[in-house]
There are 2 protein chains.
Amino acid sequence: MGENSFILKGDLICSISRDELSLQPESFLVCIDGRSRGVFREIPEAFQGLPFRDFSGQMIIPGLCDLHTHAPQYAFRGLGMDLPLLDWLDTYAFPEEMRYSDLDYADRAYSQFVDALVKSPTTRVSIFATLHVPATVLLMEKLEASGLKGYVGKVSMDRSSPDYYREETAEDALSAMIGWLRSSRLQFRNFQPIITPRFTPSCTDDLMEMLGLAARETGARVQSHLSESPEEVEWVRSLCPRAGHYIDTYLQRGMLDPDRPSIMAHSVYSDEYERRIMRENNVFAAHCPQCNMNIASGMAPVRRWLDEGLQAGLGTDVAGGATLSLFRTMMEAKQVSSMVWRYQDHSLKPLTFEEVFYLATAGGGAFFGKTGSFQPGFELDALVLDETGLPSPRKLSLRERIERFAFLSGEQCVSHKFVSGRQLF
Amino acid sequence: MGENSFILKGDLICSISRDELSLQPESFLVCIDGRSRGVFREIPEAFQGLPFRDFSGQMIIPGLCDLHTHAPQYAFRGLGMDLPLLDWLDTYAFPEEMRYSDLDYADRAYSQFVDALVKSPTTRVSIFATLHVPATVLLMEKLEASGLKGYVGKVSMDRSSPDYYREETAEDALSAMIGWLRSSRLQFRNFQPIITPRFTPSCTDDLMEMLGLAARETGARVQSHLSESPEEVEWVRSLCPRAGHYIDTYLQRGMLDPDRPSIMAHSVYSDEYERRIMRENNVFAAHCPQCNMNIASGMAPVRRWLDEGLQAGLGTDVAGGATLSLFRTMMEAKQVSSMVWRYQDHSLKPLTFEEVFYLATAGGGAFFGKTGSFQPGFELDALVLDETGLPSPRKLSLRERIERFAFLSGEQCVSHKFVSGRQLF
C-alpha cells in the first residue's frame, strides 16, 4: 500500500442515491491507494496498521465536481453582469479572453484562478480556457501542479466573434487544437484535454465537422454550450437552417457519442427532443443557475431532467457566475427550481437539499469516473469542513449541520482537501 | 466638537441618485458630531485640526440598511428552506420562535445574532423579534450595546398560529405591546420599538384595530408583511372578505399614515392599487429576493416600483433568507430583476449595479432618517472595506472595484465600521 493509503475519522456524509444521504457520525473512511474501501463504524482488522487522521467533530464529504467554468473569465468575476448573453460575450468575455495572448498576463491571472480553485470546495472540474495554445498549456501546468483533477479545453472558434479573437480558418483552428491535444495528453496526467467548440455560433460547419472527426479519431471528450438563452437559440436556428434543433448542430457533426461522455452547459431551453438526444448520447447537462440568472438567460427545469434520468451536475460558470463555490451553486439550484415550480410548472417540485448535494457530488462526479462518493472503489476526493464560523444556540443533527453548512458557505470553508487520496492542504 | 468628529481618508463611494454613484478616490470625509460635512479633495481649512484616519487604498461606503429581518430565526438560517411560506411558518418558524420564552436560550441565540450583525455590512436595521416581551427586551439591550441603530418589533399575533405560539386575546396582545413600547422607549436610544402585527392572518380585526389606534396615539412606526405569496394573498382574501386588497387590511385599521413611514416586507404580488396606497402612505417596500426565492414565494417587479417612485430598500429576511449580508442581497435583487425581465415583462429592464447599491444604502436608509449617504447633514454610517481576498490581474477602476466587491462579498468583509460617527470596530 502506497502513501495514498490511510484512514480518516469524522462525521461522514455522501449521497447514496439522488435523494438519499448517508449520514455516518464518528465513522472511519478507509483509503487504499487513493480509492475508498468504504465507511466503517470501527476500523476493520485488515486496516488496523494504516496511518490515521482524526477529524472528530468535523464533517467530511466528497469533493465537489464543477462541470462548467471559464478560467480566463475569473479575472472579471463580479463585473459586467449587466448584459444578456450575446452582448455580454462581445462586451466583456471576448475582450478579456483576448488578453491571454499575453503570457505574462495569463501567468498572473491563471495563478490567481488556480489558487482560488485549490482553496475552494471543488476537487474535479471541466474548464474552458481561451483559443490560445501557449496560455492554455500554462493553465494546465498550474492545474497539474495543484493536485486537482479534470479537463481543460482550448477553445475552438472560427466565426462570429471579432477579428481580434477568432481563429482565421477552420483548418487553422483544427491544426492548433490537434497539436495541443496530442502534446498535452503526453504532458499531463491529472488534467486531460477536452475538445471545446465554444458554441455553434462560434464554429463554422467545416470546423464543427473536423472537430467531430478529431473526437472520434482521438477518443477525446467534448464540451460545449447548448440552448442557454432564447436569443442564442434563435441565432443558431438562423445560422443552421438544416438543423431542426440546436443540439443537431453538434449531433450531425459527430460531436456526440454514447461511448464518450460529453458536457453541454446550460440546456435551459432544451425541449423533449434535445433532452432525449442528450440521454441517448451520454451527454451531461451542466446546470449553472447563477450564471443563468446573472446574465438574464433563464431558469432550467432541472426537476424534469432528473425525472427523465438525464445525467446532470452543477457548474459555477465563472464569470457569468461570480463565485467558484459550488456550495453557493447548490443553493441557487434550489432557488431556481423553486421559481420554476412557482412560475412555469407546478408539477415540477423544487429540488431538495439531498438532490442539490447529489448534483454537486456524485451527479457531476460521474463525468470524471468513479468520483463524488465514498462508496467502495471510488477515488477518494474528500473535504474536511470548517464549521467554526457557524455557531448555533442549539444542538443540530448531522443532517441539519450539512444542509446549513452548504447553504451558508462560500469559497473558503474547507480545512483539509484530498484528491484521489493525495492531500492538497 | 465631540468625540464623534474626525476625518476619514479613502476611496469614497455613495449614491448621488437612484442611478448614479459618486466615486471619489483618495478623498476626505469630514464627520462633525456624528454627521457628514461632505467629501472633499483636500481637507478644508476649517477642519484642519480634526483627528484623522488614513484608509488610503481602501474603499469607504455608507453603512448598509436592512429593512427586514427576523432576529429569532437567525438560529435556523440555512435550514428548512424546503417548504413554501405558510407551511414553512408552521413547520420551522413558529416552533423556533416559541423557544424564546426561555430566556437562557434567547440569551445564547440573540448573542450570536447580534455578534454576526455587528460584523456584517449592516449599520441600520428593522427587526422582527418574537411575541415574548422579556426576550425582546433582552434583544434590544444587546443591540443597544452594539452601537448599531434601528427598530425592533415585539411581534403581535392572536390568531392562526398554534396555541403554543399565540397571544390569547386581542386585549392581551395589546396590553403586552403597549407595556413593552412604553418602557423600551424610555430604556433605549439607538433602537426604538416598532409596532409589528406579524401579518394579517396572525391578527384578528380587533387586534389590528387596537394596534392601529396605538400607532396613532403613540406615534410609533409600523412594520409588517404584505402580498408575499399567492397562497397568503388568497388566505387574506378569505379571512377579510371586506378588504378589496391585502393592503386594505392594514389601511382600514389605521396602520398606515403619510406622516409616519412604515415598512411592508415583500409586496411581490402588490398590484397597481396596493403600490399606490403604499406611495400615498409613506410605506417603504422591503425587497427580500433571497427569501422570496428560497421559500418559493416569487419575484418582485422592483423596476416597476422604482419607475413609479415607490420608496424601497432591501431586506435579508433571515431565516427565509440565509444570509445577513446585504451585499449578497444586492446581487440577488439584480438576479430576480433579470428573471422578471426574462419571464414576466420585457419592458422591466434588469436593475443596474447603481440601483441595487442605492436600494441597500440611501434607498432603505431614508426610512431611518438622513442615513445611507455621505451628503452633508447625513448621519455618518461608514464601512471601510477589506479587499484583500479579491486579487485582480489587472488594474481596476473604482467603479469596477465597488461592483466586484459588492457582488463577491459575504457577511464578513468590513475592516472598520462607524455608526453616527461612533466606531464599532
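Strand S4(B) and strand S15 (residues 382-385) of chain B pair in the antiparallel sense over three bridges; strands here are DSSP runs (E) of at least two residues and helices are runs (H or I) of at least four, both numbered from the N terminus, and two strands count as paired if DSSP finds at least two bridges between them. Within this pairing, Ile61(B) has Leu383(B) of S15(B) as its bridge partner. The model is a predicted one, in which local features need pLDDT of at least 70 and side-chain atom pairs count only at pLDDT 80 or more, while totals for chains, interfaces and linings use all residues. Residues are numbered from 1 along each chain as its sequence is written, chains are lettered from A and ligands numbered from 1 in the order in which they are written, and side-chain values use heavy atoms, with hydrogens and water left out.

The strand S4(B) also pairs with strand S1 (residues 6-17) of chain B, where S4 spans residues 52-62, and this pairing is parallel over five bridges. Here Leu12(B) has its bridge partner, Ile60(B), in S4(B). These strands belong to an open sheet of chain B with seven strands, ordered S3-S2-S1-S4-S15-S16-S17 and mixed in pairing. Strand S3 (35-40) and strand S17 (422-423) of chain B stand at the edges with a single partner strand each, so one side of each has no neighbour in the sheet. At the S17(B) end, strand S16 (residues 414-419) of chain B is joined to S17(B) by two bridges, and the two run antiparallel. The bridge partner of Phe418(B) in S17(B) is Gln423(B).

Chain A also contains an open sheet of seven strands, in the order S3-S2-S1-S4-S15-S16-S17 and with mixed pairing. Its edge strands are S3 (35-40) and S17 (422-423) of chain A, each pairing on one side only. Strands S1 (residues 6-17) and S4 (residues 52-62) of chain A are parallel and share five bridges, and Ile7(A) has Phe52(A) in S4(A) as its bridge partner. Helix H12 (residues 353-365) of chain A lies across S1, S2 (20-32) and S4 of chain A, running at about 115° to S1(A); axes are lines fitted to C-alpha atoms, for helices over the stretch in contact, and angles run from 0 to 180 degrees between N-to-C directions.

Side chains of opposite charge can pair when their charged atoms come close. A salt bridge is taken as a side-chain nitrogen of Lys or Arg within 4 Å of a carboxyl oxygen of Asp or Glu, and the count over all chains comes to 56. One of them joins Glu379(B) to Lys149(B), with the closest N and O atoms 3.5 Å apart. Glu379(B) lies in the loop between helix H12 (353-365) and S15 of chain B, and Lys149(B) in strand S7 (residues 149-153) of chain B, so the pair ties together parts that are 230 residues apart in sequence.

Between the chains, 51 residues of chain A are in contact with 51 residues of chain B, contact meaning heavy atoms within 4.5 Å. The buried area, which is the accessible area (1.4 Å probe) lost by two parts on being put together and summed over both, is about 4,400 Å², and carbon and sulfur atoms give 56% of it. The rule finds four salt bridges across this interface. Arg394(A) and Glu96(B) meet through their side chains in a salt bridge at 3.2 Å, N to O. The largest share of the side of chain A that touches chain B, 10 residues, comes from H11(A).
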